[in-house]
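Here is a colleague's note for someone opening this structure for the first time. Please keep the chains on screen while reading the points.

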Amino acid sequence: MLRLTNLHKIFNYGKVNENYALKDINLEVPKGDFITIIGSNGAGKSTLLNLIAGTLFPEAGTVEINSEDVTHRPVYKRAHLVGRVFQDPLQGTAAEMTIEENLSLAVKRGQRRGLRLGLDKNRRAEFRRLLALLELGLENRLDCPVKLLSGGQRQALTLLMATMGRPQILLLDEYTAALDPKTAIQIVEITKRIVTQHKPTVLMVTHDLKQALAMGNRTIMMDRGRIILDLKGKERENITVGDLLAKFTARSGRELTDDRILLHG
Amino acid sequence: MWLSILQGTVEQGLVFGLLAMGVYLPFRVLDFPDLTVEGSFPLGAAVSAALIINGTNPFLATGLAMLSGVVAGMITGIINTKLKIAGLLAGILTMTSLYSINLRIMGRANIPLLRETTILTVLKGWGFPDRYLALTVFTLLVFLVKLLLDYFLYTEIGMALRATGDSPVMIESLGGNTNHIKILGLGLANGLVALSGALTCQYQGFADVGMGIGMIVIGLASVIIGEVVIRTSKIIYATFGVIVGSVIYRLAIAVALQLGFAPTDLKIVTALLVILALGAPSLRRFMIQDEFAERLLERSASDAQTN
């Protein structure tokens, strides 16, 4: 369970380029919820994810995971609670290291690392089993350096690593935006499989409004640092992309503008 | 005569192989341009020499010298990670401080060790044949260190260290504290460098406060030569390449000396070598661009003709 209370984030506080990125965000996410987040440019979607991951700290308010206050804990101190897939496929894996070495780093998520060898027979067998679930043939390329993989393969690997060690929260930050449409669909399918298996609490930022409605069980819409709409349950069931756009205009008083937004359908 | 020059060169290359591994670790694995090396190399020499002339067991003296290097490297790491001072500057600050510290430790600019008990004289006393003593000892030691370093880089901590240089965002998201890992890595690297300094001074028979000058470039040259000879990013081959690179570098220097280069010119020769090797990709790109521009010109010329 994730609880955000009165969160405020201000960049360059007190300077001419001050930017009030998040204004009084309150959000309660029960365990197992899958939330998709949409919004215009600069709405604060990524900032919100960064506050949960610990790459940024709020000016006021608290972030609680499992009733534990993690507001000011750095990324590595909440890694056991939060897994993350980045927009840039290059960020989530170590390029020079092999597939199995990358996975061995993820096995020790949030745990103390020791002078034990990072790889052994048992771990390799486990990795082979996990990689086979991706259905990309990576299970036969354990000792292949990750830099030789395609963006989609790297993103699939990151997704697998982000859920290893069973973090309760999975953050997906436009993680298919850098992929071609076909690969993006493949990654979405893998995501669905992994999520049904582990049942983590998911927060996914997306520019694809159709995807935002198709995936997950709840959608929140952000604008200029605020949550302006929180769709769930019955209200969300039969909604269309057109309705979503209309709701945005009604709540924010302007059109949904985003140079990357996908409206299709 | 030739053979003994060759043997001496290889011995030097092996001792400097330790230095080269201490440069490889931050530069290639951690992606941290660590200049502490210029201070930790003479630090190792200073500590071991000062202890040896005061009658300390040379093995203990060498161990303590290595430890002093570990501390020096960790200080650079702390300056960089805790005080957020850029890595390059952090190294320069430690290195500069070490100049004063080394003079304090030595009490003067130069300590001769000619009649002192060093690691080599002790082993000679145990009955090792004198002629191949240094060669044997250094070969065994360098490869022992190489194997330990290889093993370490495949442990859980070692892999986190490699990931810190490769993708810091990723290892943090998996719970690795990159600050602590950097401090550890820099400590380890400078421990190796100080060990190299301690052995160098016992091998050549003196410690000198100026013996660190240019060490970083020598180390880099060895790493780069090693990468040219053994083209792989796999750790066990890469560390082997570093040692081979160090020996080849020494051989090249020996040849340059035989060709009549003044010893004082060797630093610029080394620096040019490193510039050339590191700049090669950019130079090649310029050449490709020129070639391509020419081809475009030719084509437009022939197009103009047919029209």
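1. Start with A:Glu135. This residue sits in the loop between helix H3 (121-132) and helix H4 (151-163) of chain A. Its phi is positive, about 55 degrees, although A:Glu135 is not a glycine. Most residues other than glycine have a negative phi. Bear in mind that the model is predicted.

2. Now turn to A:Asn12. Where does A:Asn12 lie? The residue is in the loop between strand S1 (2-11) and strand S2 (19-29) of chain A. A:Asn12 is not a glycine, yet its phi is positive, about 50 degrees. With 9 other C-beta atoms within 10 Å, A:Asn12 counts as exposed, because the limit for that class is 12 or fewer.

3. S1(A) and S2(A) pair in the antiparallel sense, over 7 bridges. One position to look at is A:Leu7, whose bridge partner in S2(A) is A:Ile25.

4. S1(A) also pairs with strand S4 (residues 60-65) of chain A. This pairing is antiparallel too, with 5 bridges. Here A:Thr5 has A:Thr62 in S4(A) as its bridge partner. In a regular strand the side chains alternate between the two faces of the sheet.

5. Step back to chain A as a whole. The chain has 8 helices and 10 strands. Its C-alpha trace spans about 60 × 40 × 35 Å along the principal axes. Of its 265 residues, 44% count as buried. Among contacts in chain A with a separation of 6 or more, 70% come from residues 24 or more positions apart.

6. How does the radius of gyration of chain A agree with that of a compact globule? For 265 residues, such a globule would have a value near 18 Å. Chain A has 19 Å, so the two agree.

7. Chain B has 12 helices and 2 strands. Along the sequence their order is α-α-α-α-β-α-α-α-α-α-β-α-α-α. The C-alpha trace of chain B spans about 90 × 55 × 35 Å along its principal axes. Buried residues make up 47% of its 307 residues. Residues 24 or more positions apart account for 77% of the chain B contacts with a separation of 6 or more.

8. Look next at helix H1 (residues 2-29) of chain B. At 1.5 Å a residue, its 28 residues should span 40 Å. The end C-alpha atoms are 37 Å apart, which agrees. H1(B) bends by about 30 degrees at B:Gly17. After the helix comes B:Asp31, with a positive phi near 55 degrees.

9. Finish where the chains meet. How many residues of chain A are in contact with chain B? There are 27, and they touch 20 residues of chain B. Helix H2 (residues 99-107) of chain A gives the largest share of the chain A side, 4 residues. By class, that side has 11 nonpolar, 9 polar and 7 charged residues.

How values were computed:
Residues are numbered from 1 along each chain as its sequence is written. Chains are lettered from A and ligands numbered from 1 in the order in which they are written. This is a predicted model: local features need pLDDT of at least 70, side-chain atom pairs count only at pLDDT 80 or more; totals for chains, interfaces and linings use all residues. Two residues are in contact if their C-beta atoms, placed from the backbone, lie within 7 Å. Ala, Val, Leu, Ile, Met, Phe, Trp, Tyr, Cys and Pro count as nonpolar, Asp, Glu, Lys and Arg as charged, and the others, Gly among them, as polar. The expected span of a helix is 1.5 Å times one less than its number of residues. The bend at a residue is the angle between axes fitted to the seven residues ending there and the seven starting there. The radius of gyration is taken over C-alpha atoms; the globule rule is 2.2 Å times the number of residues to the power 0.38. A residue is buried if 20 or more other C-beta atoms lie within 10 Å of its own, exposed if 12 or fewer, and partly exposed in between; C-beta atoms are placed from the backbone. Two strands pair if DSSP finds at least two bridges between them.
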